Amino acid sequence: MNILIKNGSVIDPANKIDGKLDILVSDGKITKLGKPGSLSSDGSQVVDAADKLIVPGLIDMHVHLREPGFEYKETIATGTAAAKAGGFTSVCCMPNTNPVNDNRSITEFILSQAREGSARVYPIGAITKGSKGEELAEMGELHQAGCVAVSDDGRPLMNAALMRRAMEYSKIFDTLIISHCEDSTLSDKGVMNEGAISTELGLRGIPCSAEDVMTARDISLAEFTGCRLHLAHVSTVGSVNLIREAKKRGVKVTAETCPHYFTLTDEAVRGYDPMAKMNPPLRTADDVAAIKQGLKDGTIDVIATDHAPHGMDEKSGEFDNVPFGIVGLETALGLTLKLVQEGVLSMTEAIRKLSMNPASILKLNKGSLTIGADADITIIDPDGDWTVDALQFKSRSRNTPFDGWKLKGRAVQTIVGGKI
Ligand SMILES: [Zn+2]
């Protein structure tokens, strides 16, 4: 089937396009770009994108789809439906399922479930067997089965010698190592950021140093081994500074942050709201300022969600006892566009961090509107006001601190492989 997307403003950072163009899609591929009105529509389904932005399909390189093992929180079907609703055409799913994605059969199961999904799914394999941090998983097997990176996300890999070996091994397949930077001896049963507010609330704190020392360790190991390292969910001033310095020295390190780390501070924990509990925890205004500066100057390459669905029964109750994490697929774009409205990022920079950069870090042939590329396209209404309503989420879970927030801008159409 052919689709003609007309009258929209195209932003395609990879091809340095920022202007009005029509796009023709045939058989799932982008086949023509042309001046408005220049492409013939015969036989095509016409999508009128007047006053809309047309961008490469968004890519979220950090989600938890929960299947297999935790289907009451999310399934690959509901998670990819949430992705599509949020404007994401591709998502990468972390391996902390049950069983953990540490071998070919689990990777193949995820890929087979994903075939029926609403968005593309790229699995991430575990670094260690069962993500237990004791023994390396078969990185070659995971790579061959279709994993695009390895990570023990959800848990830090505390054994530095094992991380070194994983990094050395990763070079054989040029596998990306994604690190969850947390020293668990420092975070030690903490439930929120350590500081004035944790003291006031009487909650056990997680110091910034729990993240910073691990960021420093992994950058040091990556510099030593020469592997490609990607740091997940960066939340602190210290991490941003370490990454900036490492990049200047030429270390092959990239980094992501999540919308909650540039939108909220630990003030959100007042009232003991379980929806403000995530790991790493919400930090201070100084950290938020550093994250925004890191996004602006390119220290932080990617905006990812760390979409972490949990059932409402488990995510309600005492702050100490509820699990860490929030869903993010359906609010990420709106929260990122706030950065554009505040002047922190240009629209092009925002789109780059949501599509082109994750694609290039993961070496996916995605993230552009190049002729011949898969027709993964997101159409955004940049001006549309809307209110977040968790009850309307396509995700199976509703755990978000942004319920009821008024946002400007959202995805109005997400096209995956030429399918609307
Ligand atoms: Zn995660």
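Colleague: Which residues in helix 7 meet which residues in helix 8?

Modeller: This is a predicted model, by the way. On the helix 7 side you'll find Glu-211, Asp-212, Thr-215, Ala-216, Ile-219 and Glu-223, and they meet Gly-238, Ser-239, Leu-242, Ile-243, Ala-246 and Arg-249 in helix 8. Sorted by type, the residues of this contact are five nonpolar, three polar and four charged.

Colleague: Why are helix 7 and helix 8 called roughly parallel?

Modeller: Helix 7 covers residues 208–225 and helix 8 covers residues 237–249, and they pack at an angle of about 15 degrees. Angles under 35 degrees count as roughly parallel, so helix 7 and helix 8 get that label. Their axes sit 9 Å apart.

Colleague: And is the crossing of helix 7 and helix 8 left-handed or right-handed?

Modeller: The crossing of these two helices is right-handed.

Colleague: Now the whole protein. How many helices and strands does it have?

Modeller: There are 12 helices and 17 strands.

Colleague: What share of the residues count as buried?

Modeller: Of the 420 residues, 60% do, the cut-off being under 20% relative accessible area.

Colleague: And how much of the contacts comes from residues 24 or more positions apart?

Modeller: Such residues account for 76% of the contacts with a separation of 6 or more.

How values were computed. Residues numbered from 1 in each chain as written. Predicted model: local features only at pLDDT ≥ 70, side-chain atom pairs only at ≥ 80, totals over all residues. Heavy atoms only, no water. Axes fitted to C-alpha atoms, helices over the stretch in contact; angles between N-to-C directions. Helix = DSSP H or I, 4+ residues; strand = E, 2+ residues; numbered from the N terminus. Parallel < 35°, antiparallel > 145°, perpendicular 65-115°, else oblique. Left-handed = near helix turned anticlockwise from the far one by under 90°. Contact = heavy atoms within 4.5 Å. Nonpolar A, V, L, I, M, F, W, Y, C, P; charged D, E, K, R; others polar. Buried < 20%, exposed > 50% of the residue type's maximum accessible area, 1.4 Å probe, protein only.
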